Amino acid sequence: MSERGGGVREVKSAARTVELLEALAARGDRPARLRELAEELGVPRSSMYALLQTLIDRGWVRTDTTGSLYGIGIHALLAGTSYLDTDPRVRAARPYLDEASEALGETVHLARLDGPDVVYLATRESHAYLRTISRVGRRLPAHASALGKSLLAERRDDELPLPAGPLEPLTERTLTDRTALVADLARTRARGYAIEREEGVAGIAGFGFALRYAPYDSPATDAISASVPVVRLSAEHERRIVAVMTEARTKIEAAAPGAPGAGTPEWR
């Protein structure tokens, strides 16, 4: 076991289990082989095989009929669903996401910052254009989305939770230069919301608004956004998006649980 924050010793077997589940989840629809997982996590194949079999028996990992391919199991979905169902801020935001999406006819999102990424917690899809994959539970680099940039702008430039080295490009318009990103975040702070134009998805622009629930809850960790195809993003529609999403932000901040108390846990 190794020392962790607060002097608590890390349980190696538990850490390895979590690392395995995260590795499988990160692969999406690409199943993994035993050799690949053992090499990625630096674990002997025999130990990895035993761990995989234990997790298969408990529903956290699944395997194909040959027993040679591995993927994330259904119990991971059950745990993720429980997280969303029990989060009071997600619950408070849902009706206002519905309201904003209906008013704009566009897709709106709620996401949370997790390290250098944003994780999507709720999405209300536009009826005007269809996506084949729901974003709920998926993650995107914070620097490549309006959601993420709105939250990065809540932090000092020397405290940005960004990975070392070059920033990952998702499109040819993604800001991968740190100086350019810092300048964009300065504009976001002055403007009060973030804008990205085809930086995360080609053909799509986004407008992100950090949720500042209360003074004690700083810097912000949650944000909402509206996504719109650039082909119909007129100046008038952009003004409408900003007005509707600003109103949605105000309503969500007012409806979300305040300072922890009265039996409400203070999650970290």
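Tutor: A salt bridge here is a side-chain nitrogen of Lys or Arg within 4 Å of a carboxyl oxygen of Asp or Glu. Keep in mind that the model is predicted.

Student: How many salt bridges does a search of the whole structure find?

Tutor: Side chains of opposite charge can pair when their charged atoms come close. With the 4 Å cut-off applied, the search of the whole structure gives a total of 19.

Student: Which strands does the salt bridge between R139 and D114 link?

Tutor: The side chains of R139 and D114 meet with an N to O distance of 2.8 Å. R139 is partly exposed at 45% relative accessible area, and D114 is partly exposed at 40%. The pair links distant parts of the chain, 25 residues apart, with R139 in β7 (residues 139–141) and D114 in β5 (residues 107–114). The strands asked for are β7 and β5.

Student: How many residues apart are D157 and R189?

Tutor: D157 forms a salt bridge with R189, and their closest N and O atoms are 2.9 Å apart. D157 sits in the loop between α6 (146–152) and α7 (178–191), while R189 belongs to helix α7 itself. This pair also links distant parts of the chain, the separation being 32 residues.

Student: Are D157 and R189 buried, partly exposed or exposed?

Tutor: Buried requires under 20% relative accessible area and exposed requires over 50%. D157 has 39%, and R189 has 35%. Both values fall in between, so D157 and R189 count as partly exposed.

Student: Is D184 buried or exposed?

Tutor: D184 forms a salt bridge with R187 at 3.5 Å, N to O. R187, with a relative accessible area of 45%, is partly exposed. For D184 the relative accessibility is 10%, and under 20% means buried. D184 therefore counts as buried.

Student: Turning to the helices, what is the relative direction of α5 and α8?

Tutor: Two packed helices are described by the angle between their axes and the distance between the axes. For α5 (residues 88–104) and α8 (residues 235–255), the angle is about 165° and the axes are 9 Å apart. Angles over 145 degrees count as roughly antiparallel. Therefore α5 and α8 are roughly antiparallel.

Student: How many nonpolar residues are in the contact of α5 with α8?

Tutor: On the α5 side the contact includes A92, A93, Y96 and L97, and on the α8 side it includes I241, V244 and M245. By class, 1 residue is polar and 3 are charged, and the nonpolar count is 13.

Student: What is the relative direction of α4 and α5?

Tutor: Helix α4 (residues 74–86) packs against α5 at an angle of about 70°, with the axes 5 Å apart. The contact is made by L84, D85 and T86 of α4 and P88, V90, R91 and R94 of α5. Because 65 to 115 degrees counts as roughly perpendicular, α4 and α5 are roughly perpendicular.

How values were computed
Residues are numbered from 1 along each chain as its sequence is written. This is a predicted model: local features need pLDDT of at least 70, side-chain atom pairs count only at pLDDT 80 or more; totals for chains, interfaces and linings use all residues. Side-chain values use heavy atoms; hydrogens and water are left out. Axes are lines fitted to C-alpha atoms, for helices over the stretch in contact, and angles run from 0 to 180 degrees between N-to-C directions. Helices (H or I, at least four residues) and strands (E, at least two) are DSSP runs, numbered from the N terminus. Angles under 35 degrees count as roughly parallel, over 145 as roughly antiparallel, 65 to 115 as roughly perpendicular and the rest as oblique. Contact means heavy atoms within 4.5 Å. Ala, Val, Leu, Ile, Met, Phe, Trp, Tyr, Cys and Pro count as nonpolar, Asp, Glu, Lys and Arg as charged, and the others, Gly among them, as polar. Buried means under 20% relative accessible area, exposed over 50%, partly exposed in between (1.4 Å probe, protein chains only).
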